[in-house]
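My entries follow in the order I made them.

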Amino acid sequence: MKMSNGYGSVIKLSGKRRKPWAIRISKTIELPDGTLKRKREYLAYFAKQEAALQYLTEYNNGSIVTEHMKYANIPTFAEMYEKWKSYKNSLKDKLTANTWRNYEIAFRHLSDLHPQKITNIKVVDIQNCLNAHNHQSKTTIGSMRALLKGVYSYAVMNEYVEQDPTPFLKYEFTQTSISIHARFSDQEIDLLWKNLYVVNNVDIVLIYIYTGMRPTELLEVLTENVHLEEHYMVGGLKTENGYNRLIPLCDKILPLIRNRYNPDKKYLINNRYGNHYTYGSYQNSNWLTVMGKLNLQHTPHDGRYTFASLADNVGMNPVCLKIIMGHATSDEERQNFKSRTGLDITKGVYTQKTMEELLHEVNKL
């Protein structure tokens, strides 16, 4: 097929081949004696002519990197993040463990981008991820911004992409001094229980309310970290105290967790097709659908806010409350627990709580 000069061409190779359609371009090379010579080079092979033409179009539009990397080999956002991490860790001036922890959390917030080819991601795709978390603090959004700028700076430097999209993004956040959350009222909680398994995925909302987990924390709980017989699971993100903490499961929601539990699945929470939720997909479809069907107006974080309010109403032990919500940390054996908030010295460093005590407290709800 004849194309314009310099565009490249799609040709059909002779003989019986599984992929007879080839992408061929011409390039100029310099010989050892300093003279220049035109040389033909094959970039990729396809079973169908249409696929080959699409590849050639993407190549000429800049979607294919300049080194003629096969489209299938172009890294995804997740793979580019790993390349950037390796690069940063190879430098003499290394980032701190706490900085990397914040980057890992920010990376999870960008989960909708993970499987996408770095060359295919549009500004609107990144902006949608940022918008899904604009209820977060300035610190959280700042970590997402720093990660994006780092990854794309590395991608441009290594010619995976031609342009850095981060200057075109809006980084909106919520001032921590302004509360945008409202607890579920007792009437609304009763409504949720009455519609359990009547309205699909109401159980997830109830699990949020009775565990106090952050929205992303619950979605990232691994099935292997759910211990039904012991009435607890391991999960948690964001802070040092909240990371991989033990979360007691009260009697009310244990059947809900048991119903969700599938040892053949990697994650506890999955959609109707058995696939893992990203936070963006969960909030924009699942959560809003449930809220719409029940005529409720809440954000996913309101479940955590409600847990704190209910705990206060029933007089939950304040140290246990801090531990459960991730404002305290466990010891190395993860059987006894200590608060490290630094706010209440007497009730903090020297106070230990067992799992039995934590279960006793959450069963007050």
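Predicted model: local features only at pLDDT ≥ 70, side-chain atom pairs only at ≥ 80, totals over all residues.

Entry 1. I began with histidine 231, which I found in the loop between strand E4 (226-227) and strand E5 (232-235). I looked up its phi and got a value near 65 degrees, positive although the residue is not glycine. Most residues other than glycine have a negative phi.

Entry 2. For the overall picture I noted 13 helices and 9 strands in the protein. The protein has 365 residues, and 47% of them count as buried. I also looked at contacts between residues at least 6 apart in sequence: 59% of these join residues at least 24 apart.

Entry 3. I looked for another positive phi in a residue other than glycine and noted asparagine 201, with phi near 75 degrees. Asparagine 201 sits in the loop between helix H6 (186-194) and H7. Its relative accessibility is 11%, so I count asparagine 201 as buried, the cut-off being under 20%.

Entry 4. I went on to valine 202, which lies in helix H7. Its relative accessible area is 0%, so valine 202 is buried. Which residues does valine 202 touch, leaving aside its neighbours within four places in sequence? I listed Leu192, Asn195, Leu196, Val290 and Leu294. For leucine 294 I also looked up the separation from valine 202: 92 residues in sequence and 9.7 Å in space, C-alpha to C-alpha.

Entry 5. I then took the packing of helix H7 (residues 202-211) on helix H10 (residues 279-293), where the angle is about 95 degrees and the axes are 9 Å apart. I therefore recorded H7 as roughly perpendicular to H10. On the H7 side the contact is made by Val202, Ile204, Val205 and Tyr208, and on the H10 side by Tyr282, Asn286, Trp287, Val290 and Met291.

Entry 6. I checked the length of helix H2 (residues 77-90). At 1.5 Å a residue, its 14 residues should span 20 Å, and the end C-alpha atoms are 20 Å apart, so the two agree. Which residues of H2 are buried? I wrote down Phe77, Met80, Tyr81, Trp84 and Lys85. I traced what the buried residues of H2 pack against and found helix H3 (97-109) and helix H5 (138-157).

Entry 7. I followed up H2 with H5, which pack at an angle of about 85 degrees with their axes 9 Å apart. That makes H2 roughly perpendicular to H5. From H2 the contact takes in Phe77, Met80, Tyr81, Lys83, Trp84 and Tyr87. From H5 I listed Leu147, Leu148, Gly150, Val151, Tyr152, Tyr154, Ala155 and Met157. The contact of H2 with H5 has 12 nonpolar residues, 1 polar and 1 charged.

Methods: Residues numbered from 1 in each chain as written. Heavy atoms only, no water. Axes fitted to C-alpha atoms, helices over the stretch in contact; angles between N-to-C directions. Helix = DSSP H or I, 4+ residues; strand = E, 2+ residues; numbered from the N terminus. Parallel < 35°, antiparallel > 145°, perpendicular 65-115°, else oblique. Contact = heavy atoms within 4.5 Å. Expected span 1.5 Å × (residues − 1). Buried < 20%, exposed > 50% of the residue type's maximum accessible area, 1.4 Å probe, protein only. Nonpolar A, V, L, I, M, F, W, Y, C, P; charged D, E, K, R; others polar.
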